[in-house]
Amino acid sequence: MASLRKDNPALWAEFTAHIRDVVGDWTDDQIAAVASKVRARSPGALMDSIAEVFVYCGAALKSGDEEAIAAVELWQIKEMPIEIMVDESGVSHRLSPDAKVEIVQ
């Protein structure tokens, strides 16, 4: 799988600098975790979707809304098997269809 972070460190540095302007002092790992979870309606919409997700993250963290902040904190966890989507109603997330889930009673 292609990795902007590994394949083009200069572009990755520029990308993360722009993201930090929006979300604050996030680590590269936090940025990568969120960006890797973004799904777009089409390949051409991916960059706009990523930008909108990070704008949402920045606003959520400043909002004081505990539910929105918790969602953003979840998104920052690399191993969390979720997808982040952008559509007409805004930004949302769901369990990744690839996730293995075991229900224990």
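Is Trp-26 buried or exposed? I looked it up, and Trp-26 is buried, because its relative accessible area is 5%; buried stands for under 20%, exposed for over 50% and partly exposed for what falls in between, with a 1.4 Å probe and protein chains only.

**Ground rules**

I am working with a predicted model, where local features need pLDDT of at least 70, side-chain atom pairs count only at pLDDT 80 or more, and totals for chains, interfaces and linings use all residues. Residues are numbered from 1 along each chain as its sequence is written, and side-chain values use heavy atoms, with hydrogens and water left out.

**Entry: the sheet**

I went to the strands next; helices (H or I, at least four residues) and strands (E, at least two) are DSSP runs, numbered from the N terminus. I found an open sheet of 3 strands in the order β1-β2-β3, with mixed pairing; two strands pair if DSSP finds at least two bridges between them. β1 (38-39) and β3 (90-95) are the edge strands, each pairing on one side only.

I noted that β1 and β2 pair in the parallel sense over 2 bridges, and that Val-38 has Ile-84 as its bridge partner in β2. β2 (residues 82-87) runs antiparallel to β3, and 6 bridges join them. Ile-82 has Leu-95 as its bridge partner in β3. β2 and β3 form a hairpin with 2 residues between them. I also see that β2 is largely enclosed by the rest of the structure, because 5 of its 6 residues are buried.

**Entry: the core**

Which residues have the most contacts inside the largest nonpolar core? This core has 22 residues, and I wrote down Phe-15, Trp-26, Val-34, Val-53, Phe-54, Cys-57 and Trp-75. By the rule used, a nonpolar core is a set of buried Ala, Val, Leu, Ile, Met, Phe, Trp, Tyr and Cys residues joined through side-chain atoms within 4.5 Å. At least two residues each come from α2 (9-23), α3, α4 (46-63), α5 (66-75) and β2. α4 gives the most, with 5 residues.

I checked Phe-15 for contacts (heavy atoms within 4.5 Å). Not counting residues up to four places away in sequence, Phe-15 touches Leu-4, Ile-31, Ala-35, Met-47, Ile-50 and Phe-54.

**Entry: aromatic pairs**

I searched the whole structure and got 3 aromatic pairs. Rings of Phe, Tyr and Trp (its six-membered ring) pair if their centres lie within 6.5 Å; planes under 30 degrees apart are stacked, over 60 edge-to-face and the rest tilted. Trp-12 and Phe-15 make a tilted pair, 5.6 Å centre to centre with 35° between the planes. Both lie in helix α2, 3 residues apart, about one turn of the helix. The Trp-26 and Phe-54 pair is edge-to-face, because the ring centres are 5.9 Å apart and the planes are at 65°. That pair links distant parts of the chain, with Trp-26 in the loop between α2 and α3 and Phe-54 in helix α4, 28 residues apart. Phe-54 counts as buried, because its relative accessibility is 1%.

**Entry: charges**

I counted 5 salt bridges, each a side-chain nitrogen of Lys or Arg within 4 Å of a carboxyl oxygen of Asp or Glu. Asp-29 bridges to Arg-5, with the closest N and O atoms 2.8 Å apart. Asp-29 is in helix α3 and Arg-5 in helix α1 (residues 4-7), 24 residues apart.

Arg-94 and Glu-83 also meet in a salt bridge, at 2.8 Å from N to O. Arg-94 sits in strand β3 and Glu-83 in strand β2, 11 residues apart. Salt bridges that share partners join Arg-39, Glu-83 and Arg-94 into one network. Glu-83 counts as buried, because its relative accessibility is 8%.

**Entry: a lysine without a partner**

How far from Lys-37 is the nearest side chain of opposite charge? I read off 7.4 Å to Glu-79, and Lys-37 is buried yet has no salt bridge; here Lys and Arg count as positive and Asp and Glu as negative, while His and the chain ends are not counted. Lys-37 is placed in helix α3 (residues 28-37). Its contacts, not counting residues up to four places away in sequence, include Trp-75, Ile-82 and Glu-83.
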